[in-house]
Amino acid sequence: MDGQILRYFAGGNTAKGFYSLFDSNIQGLERVFILSGKSKAEKSQMISELADEWTGKGFSLEVLHSADNPADLDGLIIRELGFGIVDGDAPREISKEYMGSHWETIDLETAWPTAKLEDQLPKIKFLQEKLSEAKSQAYHSYAAGLRVHDEWEHIYIERMDFNKANDVTRKLLEKLFTHKKESKDCTVVHRFLGAATPVGPVDFVDNITTGLTKRFFLKGRAGTGKSTLLKKIVAEGENRGFDLEIYHCGFDPGSLDMVIVRELGWAVFDSTLPHEYFPNENGDQIIDMYELTVSPGTDEMFANEIAEIESRYREKMSDGKRYLAEAKQIQDQLEFIYKDACEKTFLKELIEEINVEIQLLALNH
C-alpha cells in the first residue's frame, strides 16, 4: 500500500444506530489530533487540506469518509508516521483508555467570536433538535428493515445444507491459509467498506482491494452463510497470527462484509447488493453460497413470499435514506450559520502548525 490512499468509513448509520469503529483504527498511533466543534464542514476542511498536502509524498494515507456526507472527511491517518487527525465529536466514540500521551484535543470554537452566534442560538437549538429527530427516524427505519431482512434470511436458512456450507468453508480456508506465522502478534482493525448515506449506499470496495492478487466474491441470498464464513476466516487468521482488516456490514454491524490479509494478498467479501461487484481481474473468483449450499428451486418455490418481503425491505431502506437526506439538509442550514463565526485565519494557521508536526515526524521516520 506504499504511497496509496486507502478509503473507508470508521462510523456508520446502521440498524443499531450510529456505530463507531474509530477506536480500532486510531489506537496505537503516537500523535493524534482530536477535533471538536459544532461545524462539521470546518473539521472536514482541515482534514481534507492535510490529506491533499500529503498525497503523493511517498506515504500511504488512510482517509476516513463521513457517512453523513461521503464527500466530507472524518479523519486522516498516516500510519507509517504514527499520525492521525479525526473529528472526535459525538456520536463518534473515542475511548480515553486508548489515548496516548501525545494525543491532543483541539476545540475549534475557542477562536469563534461568540457574539456572532448569540442571536442565532434559538435557531441553532431548533435545528439541532430537528437534526436529532431525523437521524432517529433513519435509525428506526433501518432497524425495521433489519427485522424484515431476518424474515428473508429465514427462508434460505431453512433450505440450507450446513454440511455443504462447512465443506465450502473448509476448502476455502485451505486455499487461503497454507502456513502459520512464527510470531502470533497480529494486528486486527475493524472498519466499514460502505455506509448508508443521504445519497444512498456508498462503498469503497475497488479502492480497498486495489493491489491484491486474489479476490473471492461471495454471492448468494440473504441467510446463505456469507457472514458466518467470513467470521470463520477471521478466527483462522487470528489463530495463525496474520494481520487482519475486518470490514463490518454497514447495515447490520454484527455481520461482516469483508476480510483482508494483505501480507497474503487476498480479500474475501460479500459481493451482493448494495455492494455488488463481478470479477474483472485474473485472480478473481466467485463463490456462490446459494448454488453450493441451498436446495435447488428455493427461489422459485418461495417467489411470491420473497417478492413481498423484498418490497417491504426496500421501502424501509428508502425511508432511511430519505431521513438521512433530511438530516443533511438540516446540517447544511447549521453550517450556513456557523460559516459566519468560523475564524478563517485561525484555521489556516492551525493547519500549517499541524502540517509542520507531520513534516517533523516524516524527517524522523
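## Basis of the values

Because the model is predicted, local features need pLDDT of at least 70 and side-chain atom pairs count only at pLDDT 80 or more, while totals for chains, interfaces and linings use all residues. Residues are numbered from 1 along each chain as its sequence is written, and side-chain values use heavy atoms, with hydrogens and water left out.

## The second largest pocket

The second largest pocket holds about 530 Å³ of space, where a pocket is an open set of points on a 1 Å grid over the protein atoms alone, fitting a 1.4 Å probe and having protein on both sides within 12 Å along at least five of seven lines. The volume is the space filled by probe spheres set on the points, which are joined across faces, edges and corners. Its lining (residues with an atom within 4 Å of a point) comprises 22 residues, and Glu62, Arg79, Arg191, Glu245 and Arg262 lie nearest the centre.

Strands E5 (61-66), E9 (188-192), E13 (244-248) and E14 (256-261) each give two or more residues to this lining, with strands taken as DSSP runs of at least two residues, helices (H or I) as runs of at least four, and both numbered from the N terminus. The largest share, three residues, comes from E9. By class, the lining divides into eight nonpolar, five polar and nine charged residues, with Asp, Glu, Lys and Arg counted as charged, Ala, Val, Leu, Ile, Met, Phe, Trp, Tyr, Cys and Pro as nonpolar, and the others, Gly among them, as polar.

## Arginine 79

Arginine 79 lies in the loop between strand E6 (69-78) and strand E7 (83-87). Arginine 79 counts as partly exposed because its relative accessibility is 32%, a class between buried (under 20%) and exposed (over 50%), computed with a 1.4 Å probe on protein chains only.

The side chain of arginine 79 makes a polar contact with the side chain of glutamate 62 at 2.7 Å and reaches the backbone oxygen of asparagine 25 at 2.9 Å; a polar contact is a pair of N or O atoms within 3.5 Å, one able to donate a hydrogen and the other to accept it, and residues adjacent in sequence count only if both atoms are side-chain atoms.
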